[in-house]
Amino acid sequence: MALQSTQDLNKKIASIGRAGERLRKDIQSVAVQAIGYSIEHGDVTIGQRLFDALGTSMRRQALVTYFEKYGQFCWSSVEKKFVFFKVEGIKFDEKMLMATPWNEAKKENIVSELDVADLVAKLIKKVESGIEKKLDVKHSALIDDIKIAYSQYLQEDSAANDAEDDEPLVRAA
């Protein structure tokens, strides 16, 4: 196969760009309508069909996030499909949704708890692994002090938990 001219390739690239933008706009329009159907009729099948039509090369996870954030959708990891999820007070705002690109939706990382002991344990393990692999671990001497402090913390925490276990149970009146 002979190489095509750069002029022909540039024409095709421009055509792909135009087609891609048309496709993004079409997906946006259908996604917004799918959200409307989920809110107004409790119907998530339009959203499911759009998701299925995207295929693996498109930003499917962004669409899942968009549907879950603005519609009455919930992705079932067991069934591998959308299920209806009633959210009280949600309204269909077509204008706002059209101005909110589906392909830029990102899952929010909600953190409700931060376990410092767990983070320190992971840090120690990661640094030790790096040292074992002969990586250039900068400031590795710090890990010795962290290990001592972590060990002391675990001993004190364990002793405190043991003391709590020794206390008699008191029944509330």
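The model is a predicted one, so local features are taken only at pLDDT of at least 70 and side-chain atom pairs only at pLDDT 80 or more, while totals for chains, interfaces and linings use all residues. Residues are numbered from 1 along each chain as its sequence is written, and side-chain values use heavy atoms, with hydrogens and water left out.

Let's start with the rings. A pair of aromatic rings is described by the distance of the centres and the angle of the planes. Here, rings of Phe, Tyr and Trp (its six-membered ring) pair if their centres lie within 6.5 Å, and the planes count as stacked under 30 degrees apart, edge-to-face over 60 and tilted for the rest. By this rule there are seven aromatic pairs. One of them joins Phe-73 and Phe-82, edge-to-face, with 5.2 Å centre to centre and 75° between the planes. Trp-75 also pairs with Phe-82 in an edge-to-face way, at 5.2 Å centre to centre and 80° between the planes.

As for exposure, the cut-offs are under 20% relative accessible area for buried, over 50% for exposed and partly exposed in between (1.4 Å probe, protein chains only). Phe-73 is buried, at 2%, and so is Phe-82, at 4%. Trp-75, with 24% relative accessibility, counts as partly exposed. Phe-73, Trp-75 and Phe-82 belong to one aromatic cluster together with Phe-51 and Phe-67. Phe-51 has a charge over its face too: Arg-60 lies there, 3.9 Å from the ring centre (the rule asks for NZ of Lys or CZ of Arg within 6 Å of the centre and within 35 degrees of the ring normal).

Next comes the strand. Ser-76 sits in β1, residues 73-76 (strands are DSSP runs of E, at least two residues, and helices are runs of H or I, at least four, numbered from the N terminus). Ser-76 is buried, with a relative accessibility of 13%. The Ser-76 side chain reaches the backbone nitrogen of Glu-79 at 3.0 Å. Leaving aside neighbours within four places in sequence, Ser-76 is in contact (heavy atoms within 4.5 Å) with Lys-81 and Val-83.

Finally, two lysines have a positive phi. For Lys-80 phi is near 60°; this residue is in the loop between β1 and β2 (81-84) and is exposed, at 56% relative accessible area. Lys-134 also has phi near 60°. Lys-134 lies in the loop between α5 (116-132) and α6 (142-166), and is exposed at 73%.

Terms used
A polar contact is a pair of N or O atoms within 3.5 Å; within protein, one must be able to donate a hydrogen and the other to accept it, and residues adjacent in sequence count only if both atoms are side-chain atoms.
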